[in-house]
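Welcome, and thanks for opening the viewer. Let's walk through a few stops together, selecting residues as we go.

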Amino acid sequence: MKSINKIIILLLLLVAIAGCDTGFLDRPSQSTISSNNFYQTTSDLRLATANLYGGSDWWQWHYGAFLPLGDILSGNAYFPWFGDFVQLYTRTITAQNSVMQSAWIGLYNVVAQCNTTINGINQYAPASVSDKDKNAAIAEARFIRAVAYYHLAMHWGAVPIIEDNSKLINDPLLNRNIVTDVYKFIANDLTFAAKNLPATDVPGRVTTWSAQGMLGKAYLTMAGLGQTGGIRNQAYLDSAKFYAGNVCKNSGIALHPSYSELFKTQFNDVPEDLFALQWAPAVGWGNGNMLLTYSPSNDINPQKGGSWTSLAPTYDLYLLYSSKDSVRRKASFMVTGDYYPELNAAGGGYKAGGPAMKKHIIGNEKDNNAPTMEFTSSIEHDALLRLADVYLVYAEAILGSNATTTDADALLYFNKVRTRAGVDPASTLNIDTILNERRIEFAFEGQYWMDLVRLSYWNPQKAIDIVNNQQRVTFSYASGVATPTASGTGGPQSVLPATISSFTLPLPASELAADPKLADAPVPYFK
Amino acid sequence: MNENHVIRWIQRVTKNLLNKYAILAVMLCSFGLASAQDSNEIVTGTVLDQSNGEPLIGVSILVKGSNQATITDLKGAFSIKAKVGQTLWVSYIGYASQDIKVTGGNLTIHLKESEKSLNEVVVIGYGSVPRKDLTGSISSISGNELRKTQPATFDQALQGKVAGVVVQQVSGQPGGGVSIQIHGISSISSNNSPLYVIDGVIIPPPSDPDPDKSHITGTNPLSAINPSEIESIDVLKDASATAIYGSQATNGVIVITTKRGSVSAPQISYDGYIGYQQIPRKLPTVNLQQLASILNDRALSWNFDARPEFANPKYLGAGTNWQNELFRSAPQTNHSLTISGGDKITQYMFSLGYYDQQGIALGSDFQRYSVRLNLDNKTTNWLKIGTSLQLAHVDENVSTTGSSVISTALGITPDIAVKNADGTWGGITNTAGWITSVSNPVGLATLNKDKKYRNQIIGNVYAEIQFCKDLSLRNEVTGNFDFNTEDRFNPVYAFGKMTNGINSGSYSAGQNYYLVVRNYFTYNHAFGVHSINVLAGHEAQLSTYANVSASRTNFPSNNIQSISSGDPTTAKNGGNTGDNSSEGYFGRINYNLMDKYLLTGNLRRDGSSNFPSDHQWVIGYSGAFAWKIKNEKFLEKVEVINDLKLRLGYGQTNNQNIPGNTFVTQLQTVANGLTGIAQNQVNLENLGVKWEQMINSNVGLDGTLFNWKINFSIDVYDRNTHGLLLQVPFPLYSGTTAGYQPGAMSAPYVNIGSISNKGFDIRVGTTNISNKNFTWRTDFTISHNENKVLSLGRGGSSANLSQTYGGYVFAKTMVGQPVGEFYGYVYDGVFATANDFKTHALPVDQNGVKRPISKLGGGIWYGDRMYKDLNGDGIIDTRDQTYLGSPIPLFQFGFNNSITCKGFDLNIFFSGNYGNKILNQLAISQNNPTSNATYFTSVLNYARTALINPTGDASNVNNVYVTNPTTTIVGLRNDQTNENSRPSNLFIEDGSFIRCKTIALGYTLPEKLLAKVNIRSLRVYVNVANPFIITKYTGMDPEIGSWNPLQAGWDNGYYPQSRVFTFGINLKLN
């Protein structure tokens, strides 16, 4: 009897071990999808590319660097109470400046997501998904990757080009690539996108017109690269003119009739927005649009919080607006006494207590009928490329290396931008009128610094002079009179004048220590 | 509860129990009488302690081969029925058992206290051997030894006690974890934690399975174990010892054996203590007057930020010392009651524990309630079943913000009151934007709720079948079940201009199951001079986790905090489930020839779900040889040597320590403004990832000399790890992160290279004096390890693993260097004279152009720090950085003295580190006069400038000098062009220390006296933990543990270890 018991137990044991079959060690994730099971249908591809339009991928750059680099560094805005912002304002940027680092990290985060999406589609999408759909999805990713590299090139010039992040596993330390190759890479991506993106898509998705507009802008930038004596490369100017002109004339898209509506959430993703980030509410820190942290007051923010770094416009920017240009002025920044009924409408609106940025400040969750909106997750879909931008790029491409132009096309599209804002049309264009028009039209949209960098490529002295001659001070405003701040915070700062070095950001200190090859001379990417 | 009450209560209870058990014992004896019909002689005797001749009470006496059993009475006397020629087995806890042949008449038996080094049984994994027959490198420590330091958790007590094991406290927070490295840093993947096995149950190491959460709070799953229940801890160090445990044992194994019942009358013991803890050291922060004078000077230099309230510093008081406010003298209490005993059929151990510790920082508390039941039952003559079962409930308050409490206390300036006169919480009210709003740490710790509750079941059920005399099979099911919740609530509050306008609450619950099914055969056979022990088995492990969380904001009342009372439209939730598994087949042979030559061979095949299917399985092996030299003829007569053994071991073990499902890219559902949802890629895949392998060689020598007075153990080892698994910290352009970075993908796990650890460890124990009234023993352990990175993959000579702080690389792991070496510039004074600007290199901008010398923003000026131009190219750039020392100690040691004199015992224990460096992160921020926090008083000596010609130009470089040129503190200029906070040896300090860990004085009351009140022994003691430390380190505590070897020795204001005064008793009843 006893030995029978023993045998039974032994048999049970053998059965138990045999029960541990080979599948025992296969434990796929229960909370996420694996890439090798994804990209199976066109709708999978659309879910994958949707991710590239916002969320955590873009957060680091958008929150940490977008406006500081575009508008503080260029002299449009100031916030005196944060040392890293002050460094931008005074052009004393160190290699550990957190804004600069956020831009570097954030833009490469976008590149990494784009690269893995492209590679995932190429690797896993089955034949049942049509080539057209695959290419359209890849085109979206390449468009967005190009936008990220465009910002990288504008700020740092030569940067490492990464197409497949997995290759870093075997070869983690990269050289910088020469700046002309970075722009060539951008142009390649945008050309592919222009060819493979559809002419129309759901609102918010990029189309061929987005790609062609961006390509025009890239070529306009490339036209100045490495040029001297104020002459730009005509071949690139012609390309810029071709693509931007094509968008102006053949896209069927027109400017949105109201300038101020462009910055209201009811008008998210109007056709003029050729590329806008697609932010969602209720996503919390690290995932959302946090431009509400630049708000002048907690009273008009969701949850009555988060107005940490209210941006003040500079006196230099203020002086640029003619008295007729009040629509764009009031939509871009407020001055003391301005009344905005739509901000905290339930509380009776908002009366500005001093000069402050208005763009992107959209009020609280009730104003936007978005109960889960937080100050860390504004629902504004802010545009990185508007049709108005392409119009002005077109006009500038026509101006080219000439001192002035009265070209009818250039004037037509240039003046469409002006007349929409309610200001008088121009009769002749030069580089100053175009630069100033862009500065006004895109104030607090992160563009002006890149306009100055573009200028510095082919006319460095002019760019240096513009920066050095700015009235880079804040101002107070009372009874219709603006008074520049005298001294102390926001007033004149005793800093060394800008040089051509000022138009390139330093590389992050940690990055140089981790990858000493970044300090070497940049190498070609295209062999 | 009052201690006296407890003691009285226990006395009452135990008396009752004793009466009952006496009856039980009598019944047992009568059973014996009944069943032992043919016994006819009554043997009587007395059992005495060999060292002092005192009678031993409660000694178990068994007649071998029968059911006869009894225990000695108060006078040590016994009587039992036995025949002449039969053998009595005499056993007593803490004493060596003896077999006594019955010769008739009255016996006097002298029991000797266990000679640890010889009779001790050592756990070797799925079995145990006497220490004398050990072939691997295993150190052991008894529970009694462990408890001398009064640890809250047992892992804290291993420090300095076990040679070759580097123990560092990661957080002094109650219940906080320690980092343990056995024989160096062999792996750099997340942690080097050894495998913890408690009664066969594998316990996840302190940073698993939830690394992020643990890093913040320092929560330690090992904290659920009551140190009073521990019988012994065995630390398995070399491959020959660990290989049998397979895939998780590469970093060594710590085997914890809890007390079990023995065949004896009931043993009841109570351990209890109360203690008070203090912060051992406070940092030198400025008072209000000093702060005001610095800020006034700064405002003059900056031309803004003049604060009218500071206009006249001498009328200001000292202000608030936030360290005094945040730290308190805090009590701790421990009660532990153990009852054990048993008969030949069933042995039991039952224990109750309660531990309560307030943290020395406000808002940190720890309470543990635990119950343990260990049972062994010999069901039939071929079947034995049993269980080890522990239930624990842990309450923790972790509302002190994480582990960086010191930096929290230093974040707020002395001009802020804890509470204002009107009773509101103090806070910064200055509305100037420059002055950032900071939380009131006392207010936060008081108002915010962050409580963790955990129920843990650690259980082991086994059945052992004896097929025949030599062959047995053991089936084990073990589990570690962890149910945890975290309850948080942040009410509406205002600390000056820092306000929380809307309250919020969150609640999360999780469960982790860790199950192992294990079956193994053991075969023992001896023939002639040979004896053999063979083990073969299989085990399968499955671990699953599940968690949910919910949160809402806008609660109508701060008092009603359950989630459902918050605003439903703000509700958020989340949750995850997952699992991973592993499986192994293992075998071992132990062969003993003539009790002189011992051979061990191990083979194990492991599979893990953490790897892609083509890399799932791996083979590990080891072999060991031991030569008991003393048993050779040529040493037989050498009386100086009592015992001598040489051990050689070699083997390969494998490590799977990466999270599951990281080899392929995972896509997570995220909210998106375009389509509602989108799929975000959360990690960068590496389909080629495979097991990490370690080749380990070990040579050891154990010996006892001079009439057992000196015993020693020496191990020399060489460990090489290949295919190092690491979540690689790539440069930032990779778009990946090994830490936390929103938007970056998790970095891939890669087999990146090789690492070498060579070292030795020595333990020497001596009995300096030993006589009837006085003994003095010392134990000394010393460990030395040399760590070197041999390769780091294909990044070429520049390949490195960098760790950043504040945008700078402060530690860089490179080929040829130890892991985690500090890296940076060499500080060379401040610019103090015009000549300094001529002789010292200047930093350059992004285009390599030297920064101008100018008082203006963007220039380099007096008071900026100078750095050495190491490559001699005339400029300061990233190429001028070098290695600044290693966080790894050259030596770690422990030194213990125990003295007994009659009833008194005194124990003094020191431990220390020598030759390691610490990055003092607080010195970077708190010595920076441009920051907005409490400064160290050293800032008063900021670089002050003066003019050579007082009426001359203040911006002329030739007209200025620094009046205090030897200062290390920069000037007050509002400009960072020189990057004065860049990493340099200024912030890297010598971390060597000698710490007196414990001084314990105890008195054991005379047994004769106690016998009258039915008490077997009573010891009362006082104990001081961490009474003093000798170190040059300027921070709070030089003992900086870390779970990330790449970032070891980084002091960001850890929760320090406290000084603890305790009073306690150890009580044993019969």
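Before the first stop, one term: a residue is called buried when its relative accessible area is under 20%. Keep in mind, too, that this is a predicted model.

**Stop 1: a buried pair in chain A**

Select Lys359(A). At 0% relative accessibility, which is under the 20% cut-off, Lys359(A) counts as buried. Glu445(A) and Lys359(A) form a salt bridge, and their closest N and O atoms are 2.8 Å apart.

**Stop 2: a partly exposed pair**

Next, select Lys324(A) and Asp424(A). This is another salt bridge, with the closest N and O atoms 2.8 Å apart. Where do the two residues lie along chain A? Lys324(A) is in the loop between helix H11 (315-320) and helix H12 (326-332), and Asp424(A) is in the loop between helix H14 (408-420) and strand S11 (429-430), so parts 100 residues apart in sequence are tied together. Lys324(A) is partly exposed, at 46% relative accessible area. Asp424(A) is partly exposed too, at 43%.

**Stop 3: over to chain B**

Pick Glu396(B) and Arg454(B), whose side chains meet in a salt bridge at 4.0 Å, N to O. Glu396(B) belongs to strand S21 (residues 383-398) and Arg454(B) to strand S22 (residues 449-466), so you will find the partners 58 residues apart in chain B. Are they buried or exposed? Both Glu396(B) and Arg454(B) are buried.

**Stop 4**

Over all chains, the count comes to 54 salt bridges.

**Stop 5: two packed helices**

Finally, show helix H13 (residues 387-399) of chain A together with H14(A). They pack at an angle of about 145°, with axes 8 Å apart, and the crossing is left-handed. On the H13(A) side, look for residues including Tyr391(A), Leu392(A) and Ile398(A); on the H14(A) side, Tyr413(A), Phe414(A) and Val417(A) are among those they meet. By class, this contact has ten nonpolar, no polar and three charged residues.

Definitions and conventions: Residues are numbered from 1 along each chain as its sequence is written. Chains are lettered from A and ligands numbered from 1 in the order in which they are written. This is a predicted model: local features need pLDDT of at least 70, side-chain atom pairs count only at pLDDT 80 or more; totals for chains, interfaces and linings use all residues. Side-chain values use heavy atoms; hydrogens and water are left out. Helices (H or I, at least four residues) and strands (E, at least two) are DSSP runs, numbered from the N terminus. Buried means under 20% relative accessible area, exposed over 50%, partly exposed in between (1.4 Å probe, protein chains only). Axes are lines fitted to C-alpha atoms, for helices over the stretch in contact, and angles run from 0 to 180 degrees between N-to-C directions. A crossing is left-handed if the near helix is turned anticlockwise from the far one by less than a right angle, and right-handed if clockwise. Contact means heavy atoms within 4.5 Å. Ala, Val, Leu, Ile, Met, Phe, Trp, Tyr, Cys and Pro count as nonpolar, Asp, Glu, Lys and Arg as charged, and the others, Gly among them, as polar.
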